[in-house]
Amino acid sequence: MIDKDTFGTRTALYHTFGCKLNFAETSTVARLMAEHGVRRVSGGEEPDFIVINSCSVTELADKKCRQTIRSLHRRYPGAAIVVTGCYAQLKSDEVSALPGVAIVAGIDRKLDIADFVDRYIHSGDNECHVTPAKDLRSFMPSCSRGDRTRYFLKVQDGCDYWCSYCTIPKARGRSRSATIDELVAQAAAVAAEGGKEIVITGVNIGDFGKGRSDTFFDLIKALDDVDGIERYRISSIEPNLLTDEMIEWVARDARRFMPHFHVPLQSGSDHVLQLMRRHYDTALFARKMDTIRRAIPDAFIGIDLIVGARGETDECFEQSYHFIESLPVSRLHVFTYSERPGTRALEIPHIVAPEEKHRRTRRMLALSERKWADFAASFKDTVRPVLLEHPRPGHPLSGFTDNYLKVQVNVDNPADYDNKIAPVRLGEANVTDEVLSATLEL
């Protein structure tokens, strides 16, 4: 039990796994903890609490969470560990039994963590609060910057798609979202704080407004009217929910939405897509990519890909590889398939051997490297606007162009350019680090 007389001097360390959505939510938790008198730990201090926002997208993600919990407990044996996120939601009993874990909070209880910590300070009693996924109805708002220049605005949560390989619906529950008025107000608050870029996040953001009359397209048009915000990015949107109308609007009418799309493909084989229970085929996906490239030639297009899924025969993989090779995309985000308990994918008989999964992953990563290098090279010696970010000590100033190319700029006074948009001339590309050298055009 922690001495209640010292409440208000407590410190917390935060560790986040997984997606942009988790990072946004962790920042919100940290802000609420600070309001309860538990501040973020400073360098050299030992925390009283460790808050871990977990991921469970793969078995490896679960393993990393367990390893981190054990490692942090060994390093800070006196700290009480709080675990939330998808791993905590799906395997609360397993998490509760790990050394040092005092509080387990499910997906819908993240906003209550500060209250749980307050109660723990006074009682010392371990607690576990997890709502069954079928009963998840509430929407947890989150719009936070954390340590970054960009803000992350959560607009939607949950998923109704039930892809055969995925546990997200079990962890996050049904699709639900905030209202447009609430999100516009949050964006306006970001502008008032001096924020210039917002990344729109969620689990299946194209499903925004499900059960209501408003849509994701209505949302982005409303956000585009918020004065003070100079950039929006759509973090990830399903290809069947990315309409041609949205693409044309970003190309012609949007003032603040960047030429940047991230669209999950998962496989370039129609047979594997069917086994995955995805909501599109390769013909639809290829048409979407061509529509983006024709409407916005400079756009960065990233895609997600799962390699070595059940049912992915040698022939299916080759089909997938050559299909992706033909797409006008800029980068692949490659995941190696991992078995997840309770998913329908386990009923698929064909299993890819681990060594073959790794071979296929390496091939796709090499393809991604070539795609990115070609895309980056096409902009050498051109001038593009970059939102410059505060540099880490000993590192050059960096930031992203409007079309999501990371650049590094050497300047005499980096602090003078923090959170400012400036034109830069792009130079050589470092393919390994996916960063370009650049010089300011003043």
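**Close-up views of a predicted model**

**View 1. Strand β20 and its two partner strands.** Strand β18 (residues 406–409) and strand β20 (residues 435–440) run parallel and are joined by 3 bridges. Within this pairing, valine 407 has leucine 436 of β20 standing opposite. The model shown here and in the views that follow is a predicted one. Strand β19 (residues 421–430) is also joined to β20, in this case in the antiparallel sense and through 5 bridges, with alanine 429 having leucine 436 of β20 as its bridge partner.

View 2. Aspartate 402 is placed in the loop between β17 (397–401) and β18. With a relative accessibility of 12%, aspartate 402 counts as buried, because the limit for that class is under 20%. When its neighbours within four places in sequence are left aside, aspartate 402 is in contact with Arg231, Arg233, Met258, Pro259, His260, Arg384 and Pro385. Valine 386 lies 16 residues from aspartate 402 in sequence, and the two are 6.4 Å apart in space, C-alpha to C-alpha.

View 3. Three strands in the order β13-β14-β15 form an open sheet with parallel pairing. Each of the edge strands, β13 (260–266) and β15 (331–336), has a single partner strand, so one side of each is left without a neighbour in the sheet. On average, and with direction ignored, neighbouring strands of this sheet are turned by 20° against each other. The parallel pairing of β13 with strand β14 (residues 300–307) extends over 6 bridges, and valine 263 stands opposite isoleucine 303 in β14. Helix α12 (residues 314–326) packs on the sheet, where it touches β13, β14 and β15, and its direction makes about 175° with that of β14.

**View 4. Threonine 361 in helix α13.** Threonine 361 belongs to helix α13 (residues 354–377). Its relative accessibility is 11%, and threonine 361 therefore counts as buried. Apart from neighbours within four places in sequence, the residues in contact with threonine 361 are Val307, Val334 and Thr336. Of the strands in the previous view, β14 covers residues 300–307 and β15 covers 331–336.

View 5. Strand β8 (residues 151–154) and strand β11 (residues 197–201) pair in the parallel sense over 4 bridges, and the bridge partner of leucine 153 in β11 is isoleucine 200.

**View 6. The buried side of helix α5.** In helix α5 (residues 113–123), the buried residues are Ile113, Ala114, Phe116, Val117, Tyr120 and Ile121. These residues cover an arc of only 155° around the axis, which puts them on the same side of α5. Just after α5, glycine 124 takes a positive phi of about 75°.

**View 7. Glycine 78 in the loop between α2 and β4.** Glycine 78 is found in the loop that lies between α2 (59–75) and β4 (80–85). A relative accessibility of 71% places glycine 78 among the exposed residues, because that class takes values over 50%. Phenylalanine 49 is 29 residues from glycine 78 in sequence, with a C-alpha to C-alpha distance of 8.7 Å between the two.

**View 8. The whole chain, for orientation.** The secondary structure of the chain comes to 13 helices and 20 strands, and the C-alpha trace spans about 65 × 60 × 45 Å along its principal axes. The radius of gyration of the chain is 22 Å, which agrees with the value near 22 Å for a compact globule with 442 residues. Buried residues make up 55% of the 442 residues. Among contacts in the chain with a separation of 6 or more, 73% are accounted for by residues 24 or more positions apart. The chain exposes about 19,100 Å², of which carbon and sulfur atoms supply 49%.

Methods. Residues are numbered from 1 along each chain as its sequence is written. This is a predicted model: local features need pLDDT of at least 70, side-chain atom pairs count only at pLDDT 80 or more; totals for chains, interfaces and linings use all residues. Side-chain values use heavy atoms; hydrogens and water are left out. Buried means under 20% relative accessible area, exposed over 50%, partly exposed in between (1.4 Å probe, protein chains only). The arc is that of the directions from the helix axis to the C-beta atoms. Two strands pair if DSSP finds at least two bridges between them. Axes are lines fitted to C-alpha atoms, for helices over the stretch in contact, and angles run from 0 to 180 degrees between N-to-C directions. Contact means heavy atoms within 4.5 Å. The radius of gyration is taken over C-alpha atoms; the globule rule is 2.2 Å times the number of residues to the power 0.38. Accessible areas come from the Shrake-Rupley method with a 1.4 Å probe; for residues, only the protein chains shown count as cover.
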